[in-house]
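Trainee: Hi! I'm new to this one, could you walk me through it?
Mentor: Happy to, let's look together.

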Amino acid sequence: MSGAALGLEIVFVFFLALFLLHRYGDFKKQHRLVIIATLLAWYLCFLIVFILPLDVSTTIYNRCKLAVNSSPAESNGSYVTLAPSKQKCFKPWSYIPNGIMPIFWRVVYWTSQFLTWILLPFMQSYARSGGFSITGKIKTALIENAIYYGTYLLIFGAFLIYVAVNPNFNLQWNQLQTIGIAAANTWGLFLLVLLLGYGLVEIPRSHWNGAKRGYLLMKTYFKAAKLMTEKADAEENLEDIMEEVRKVSESIKYNHPLRKCVDTILKKCPTEYQERMGRNMDDYEDFDERQNSYPSEKSLVKLHKQVIYSVQRHRRTQVQWQILLEQAFYLEDVAKNETSATRQFVHTFHSQEPENKIIQYFYTPTVEWYWECLLRPWFYRVLAVVLATFSVIVVWSECTFFSTKPVLSLFAVFIQLAEKTYNYIYIEMACFLTIFFLSICVYSTVFRIRVFNYYYLASHHQTDAYSLLFSGMLFCRLTPPLCLDFLGLTHMDATMSHKNTQPTAYMSIMGSMRVLSSIADGFYIYYPMLVVILCIATYFSLGTTCLNLLGFQQFMGDSEMTSDLTDEGKELIRREKRKRQRQEEGENRRREWKERYGNRDDSTRNRVVHTDQKESSFSETSTNRSLSKYTRSNGRTERDRIELLQDAEPLDFNADSVNDDPLESDSGRYQPGGRYLSMSRSKIFDDV
């Protein structure tokens with residue numbers, strides 16, 4: 001079992017990252033390099049979180065073994081170890097042999113740093129570029145990242161010059177490497193505390209509000225009003241962009257040198273717009289470079305970028321609108337079924353997706369009613385209380401983890417109690433729950449935040465490439481300081497606990513922070529205390545109030561703007577509900593008509609065809625012209641019928657004036673109003 005636990009977690013974390021990426025990304029439409037880079041970034045960050053508890057248990061075992069094998073004289077040597085409670089150390093079930101973890105952490109850490117600081121920023125610019133060739137996209141990405149990379153090189157170069165000139169510094173390569181790691185972790189810790197302070201309060205509160213049916217329904221109405229505004233804006237933006245594409249497509253003909261670029265832009269447009277532009281395109285008209293002014297390649301690159309962005313935004317809002325409608329309909333069904341006497345959950349609309357037969361067998365309407373109307377609110381309340389308790393423990397430990405005598409950090413107390421009995425399963429479970437809760441608070445905030453329309457992680461495969469790559473960058477920058485914060489809370493970091501004990505394999509890769517005493521003894525200790533202020537600000541919704549004052553509509557219960565948007569969203573949901581009800585009623589009527597009269601219509605149609613064949617054969621010998629009107633004449637060719645259909649004027653049902661005179665209706669003449677007068681409104685549906 002020495003390497004089995006490590007192998008199982010490596011495989012499990014890979015499928016976990018793949019599942020989450022499949023939920024937010026689109027494997028079919030997005031570029032493979034974007035999918036691979038994002039998957040690798042997410043996978044490495046999740047892997048660090050899951051493997052670190054194994055590193056802690058292995059380190060505790062190594063400390064025990066070192067203490068048992070060392071004599072009292074040797075105990076004052078390089079390591080000061082605690083006296084074990086037993087003379088024999090039990091090897092943990094997930095023990096990892098020496099030499100494996102340092103290599104593993106070195107590969108994982110430096111690969112994630114290469115992704116977040118070099119590769120992913122370059123791929124972001126490459127993905128958003130509107131170039132028509134690989135060379136053009138690479139050139140655009142290099143130009144956009146020149147300032148980004150140049151700033152870091154300038155800072156690093158200035159630091160090297162300062163170290164070389166100052167005689168008090170005698171830094172070696174390992175120390176320079178530690179300084180670089182400390183700089184990256186400092187930037188990550190600054191962002192980590194901001195996200196952690198929001199998640200520690202918002203996650204328990206969201207689960208507590210999840211038990212309030214009226215609250216969720218009102219918030220869904222509010223989201224519907226905001227999403228409808230965004231949806232209308234996306235449609236209008238797409239129409240404007242498509243109009244510009246149409247003008248460019250009509251001006252640049254088939255034999256123009258830039259026609260290939262226009263065809264590339266047209267492929268990114270929705271299908272209905274492609275067909276519309278294809279009908280209006282005359283490919284047989286030559287271009288004249290002297291007479292007409294044509295757009296440049298730079299303007300086409302800009303237009304290509306706008307098309308990609310507008311199409312992605314339009315598709316995302318359409319999908320989100322349908323998902324929000326389903327959520328609103330379901331919450332309304334829950335509110336109606338709460339007073340049901342039969343205790344069976346009744347849906348207003350049937351699910352459009354086929355349900356699993358196994359789930360349908362066990363999750364009956366009765367079970368669904370008990371879960372949705374009775375058990376789920378209490379489950380969410382209990383879960384909210386548990387999460388709030390964890391949040392309080394985290395806030396207390398963040399403010400007291402630097403105290404070693406006495407030990408005030410509750411996480412360190414739990415780990416030290418388990419270390420005395422060498423209960424490795426309890427140690428790993430405590431470490432995993434601690435770092436998992438911290439990761440949920442931080443990562444969930446990354447998934448929730450939205451920076452206008454530039455960064456937004458939308459589920460159901462609606463996240464664009466730029467947002468996926470940006471999330472990978474954030475994960476790679478936040479995970480190392482998150483792990484250092486966890487090791488500090490549990491006193492497994494020798495720098496934070498001020499103990500000269502054997503460090504974990506992860507800390508051996510990070511290096512000793514004593515090279516920068518101002519950061520180790522100052523920033524890393526006192527800055528995490530700001531999480532208290534951030535939690536208080538999040539609890540009183542100060543950020544939401546500020547955004548609302550700036551004009552960004554936020555859901556606030558006592559706000560007039562919130563109530564107006566809630567009423568507007570409620571009316572939108574009611575309108576969509578009536579529309580869907582009419583659609584289902586029409587489908588049910590057509591289905592009943594087909595089931596009732598389908599066979600009769602088939603037999604009648606066969607009888608009519610048989611009678612027409614008889615009349616056609618009889619018309620060859622009959623001389624009665626009155627009967628020949630109702631028979632098929634063999635002398636009329638197919639070409640004559642096609643010409644008659646082509647000469648017929650189309651019906652215009654949007655005419656302003658309609659002549660309903662029955663005398664003129666019988667004449668069958670066509671009037672300028674656009675209608676055939678033989679088709680009066682009273683006789684249009686006589687054949688239905």
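Mentor: One term before we start: a crossing is left-handed if the near helix is turned anticlockwise from the far one by less than a right angle, and right-handed if clockwise. Also keep in mind that this is a predicted model.

Trainee: Thanks! So is the crossing of α3 and α14 left-handed or right-handed?
Mentor: The crossing of α3 and α14 is left-handed.

Trainee: Where do those two helices sit, and at what angle do their axes cross?
Mentor: Helix α3 covers residues 100-128 and helix α14 covers residues 465-489. Their axes come within 9 Å and cross at roughly 160°. That angle is over 145 degrees, so α3 is roughly antiparallel to α14.

Trainee: And which residues meet there?
Mentor: From α3, the contact includes Y109, W117, L120 and M123. From α14, it includes Y466, L469, F470 and M473. The contact residues divide into 13 nonpolar, five polar and two charged.

Trainee: Switching topic: how many helices and strands does the protein have?
Mentor: There are 23 helices and two strands.

Trainee: What percentage of the residues count as buried?
Mentor: Of the 688 residues, 39% count as buried. As for contacts with a separation of 6 or more, 75% come from residues 24 or more positions apart.

Trainee: Last one: which residues does UniProt list as a "coiled-coil region"?
Mentor: An unreviewed UniProt entry lists residues 224-251 under that name. In the model, that stretch is 100% helix and 0% strand, and its end C-alpha atoms are 40 Å apart.

Conventions. Residues are numbered from 1 along each chain as its sequence is written. This is a predicted model: local features need pLDDT of at least 70, side-chain atom pairs count only at pLDDT 80 or more; totals for chains, interfaces and linings use all residues. Side-chain values use heavy atoms; hydrogens and water are left out. Axes are lines fitted to C-alpha atoms, for helices over the stretch in contact, and angles run from 0 to 180 degrees between N-to-C directions. Helices (H or I, at least four residues) and strands (E, at least two) are DSSP runs, numbered from the N terminus. Angles under 35 degrees count as roughly parallel, over 145 as roughly antiparallel, 65 to 115 as roughly perpendicular and the rest as oblique. Contact means heavy atoms within 4.5 Å. Ala, Val, Leu, Ile, Met, Phe, Trp, Tyr, Cys and Pro count as nonpolar, Asp, Glu, Lys and Arg as charged, and the others, Gly among them, as polar. UniProt positions are given in the numbering used here, feature names are shortened, and annotations may be inferred rather than shown by experiment. Buried means under 20% relative accessible area, exposed over 50%, partly exposed in between (1.4 Å probe, protein chains only).
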